[in-house]
Amino acid sequence: MKRGAVRRNLTAHAFLLPFLCVFVIGVVAPLIYSINLSLYQERMVGGMTFAGLDNYTKAFRDNLFHAGLGRVALFFAIQVPLMLCLSLAAALAIDSGRLRAPGLFRIGIFVPYAVPGVVAALMWGYLYGDRFGLVGEIGALLHTEVPDLLSKNWMLASIGNIVTWSYVGYNMLIFYAALRSIPEELYEAAEVDGAGAIRKAFSIKLPALRPALLMATTFSVIGSFQLFNEPSVLQNLAPSAVSTNYTPNMYAYNLAFEGRQFNYSAAVAVLLGLVTVIVAYAVQRATARRERML
Amino acid sequence: MTVAMGLMLAYTLIPLVWLTISATKSNQTLLDSSGLWFGDGFHLFENIRDVFTYDDGIYLRWFGNTVLYSVVGAGGASIIATMGGYALAMYEFTGRRVVSAVVIGAISIPASALAVPTYLLFSDMGIVNTPWAVLLPSLASPFGLYLMRVYATEAVPPAMLEAARIDGAGELRIFLTISLRLLAPGFVTVLLFTLVATWNNYFLPLIVLNDPELFPLTVGLHQWNALAQGGVATATPVLPLVITGSLLAIVPLIVSFLFLQRFWQSGLAAGGVKQ
């Protein structure tokens with residue numbers, strides 16, 4: 001190797017070093033630590049003993065864990081497509097050039113992203129309520145019985161609405177940025193070839209959107225399967241509708257901090273992480289064959 | 001189309017209008033006036049004063065903590081990710097493929113999945129309930145690194161680096177004087193994403209902190225809300241505090257988004273488009 005090459009090799013490592021340090025402390029170490037922890041059990045007699053995969057087999061059979069996982073899977077299957085379609089429609093509308101004041105729509109729809117999840121949940125929690133919320137007021141105005149959005153039956157939909165509200169603009173912006181990056185010449189060439197608006201949408205816009213769609217779905221998988229903030233805030237307002245195992249993340253949290261079952265909680269957290277990665281990967285396979293992040 | 005988009009805009013903005021209007025109401029008017037119009041009297045300034053004085057001004061502490069966690073956490077994470085992403089994009093070096101693969105894999109491990117393990121690890125290390133427990137994990141942003149790698153590949157022409165090298169500039173000097181300027185939009189994008197993430201962070205601080213003096217706004221506000229819901233009798237009604245405090249908590253982020261708008265949009269395109 002030439003001297004210059006060796007020096008550049010060292011420089012590159014030096015530039016990466018700070019990241020690698022915080023990456024180890026913030027990601028790798030907790031991961032290894034919790035995998036290790038999940039392999040042990042705290043026994044009344046004998047204290048901490050090696051348990052192999054016992055915690056995992058327990059989690060596999062744990063109905064409370066299944067219930068939470070089922071809930072977030074249902075949430076993912078319904079909320080994510082709805083939200084992404086809304087975002088996509090908004091991005092296409094803003095990009096179409098046929099909208100008055102597109103800048104206003106862009107920033108206005110994006111603004112909720114800047115609202116902390118906890119504040120969003122607090123706010124919507126009040127809005128849902130019939131005491132001084134908007135929903136009750138609208139019901140009174142229309143003289144109709146509005147369903148209790150904080151009841152057990154409506155809770156998942158209510159949470160879905162909060163998450164949609166928070167992230168619809170964020171996803172719209174990712175799609176919009178992808179649409180803006182399409183070179184103008186491509187449209188011109190298509191027009192010369194006689195392509196109409198629909199043809200252009202399917203042959204130029206959709207393929208250009210694929211990587212952005214991939215990124216948005218990946219983050220949505222993570223968001224859905226790791227759901228915590230919104231349900232745990234709403235739990236305050238409707239304790240009977242949100243159980244302590246409402247989502248797997250809440251379950252892991254409650255196992256550790258209410259139940260002091262740190263080993264089992266670690267196994268649940270690891271398993272949940274695995275499920276998240278697997279679903280993210282599967283969704284990526286389905287959305288895009290060529291471009292993949294994983 | 002404009003009508004449909006108008007409905008969507010109403011959907012995103014009405015809750016914020018509600019929040020703003022509600023912040024002008026006293027506890028009693030909150031309960032018995034219409035949600036989308038002002039009640040009798042304008043209590044915004046009174047509410048703001050109450051927010052800042054309640055419980056010996058703990059809100060100001062939370063605000064300060066949030067600023068500290070965000071500025072140090074997000075600022076540090078952005079600098080670290082920029083350096084790393086630049087290295088991955090511009091240098092051929094041993095271990096590059098491994099680092100890329102591991103980091104991209106890590107993007108799908110969300111911070112919240114690591115919160116409980118982080119608590120357990122940090123409590124063994126003895127840094128639970130210190131600002132470090134929030135700051136250290138915030139500094140690692142695999143997504144920021146990924147975005148910067150993509151952005152640097154696009155924004156920094158290798159020929160320019162070669163030219164600078166021939167002129168005798170060192171690698172650090174090239175980075176600081178040439179590359180950093182080209183990377184600015186990407187840097188601002190990463191900064192805004194990490195800023196939002198740290199400002200809005202709830203799960204991690206909830207777990208690793210138990211001293212209210214160290215809380216960020218999110219955890220503090222949630223605690224106030226629990227107090228308001230619990231119906232605990234206090235000298236000052238807590239409900240207006242939760243609402244006004246929430247409003248004050250989102251203002252800085254919205255302002256910074258509006259200010260930095262034109263910088264980050266070009267950077268955003270990179271992450272979503274190129275691979």
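pLDDT is the predictor's confidence in each residue, from 0 to 100. The model here is predicted; local features need pLDDT of at least 70, side-chain atom pairs count only at pLDDT 80 or more, and totals for chains, interfaces and linings use all residues. Residues are numbered from 1 along each chain as its sequence is written, and side-chain values use heavy atoms, without hydrogens and water.

**Exercise 1.** State the mean pLDDT of chain A and find where confidence is lowest and highest.

*Solution.* Chain A has a mean pLDDT of 87, with 95% of its residues at 70 or more. Next, compare the helices (DSSP runs of H or I, at least four residues, numbered from the N terminus). Confidence in chain A is lowest in helix H6 (residues 134–142), at a mean of 75, and highest in helix H3 (residues 63–95), at 95.

**Exercise 2.** Classify the aromatic pair of A:Trp124 and B:Tyr11, and decide whether A:Trp124 is buried or exposed.

*Solution.* Rings of Phe, Tyr and Trp (its six-membered ring) pair if their centres lie within 6.5 Å; planes under 30 degrees apart are stacked, over 60 edge-to-face, and the rest tilted. The structure holds 38 aromatic pairs over all chains. In the pair of A:Trp124 and B:Tyr11, the centres are 6.3 Å apart and the planes 50° apart, which makes it tilted. This pair crosses between chains, from helix H5 (residues 117–128) of chain A to helix H1 (residues 2–22) of chain B.

For accessibility, buried means under 20% relative accessible area, exposed over 50%, and partly exposed in between (1.4 Å probe, protein chains only). A:Trp124 is buried because its relative accessibility is 9%. B:Tyr11, at 23%, is therefore partly exposed.

How values were computed: Chains lettered and ligands numbered in written order. Helix = DSSP H or I, 4+ residues; strand = E, 2+ residues; numbered from the N terminus.
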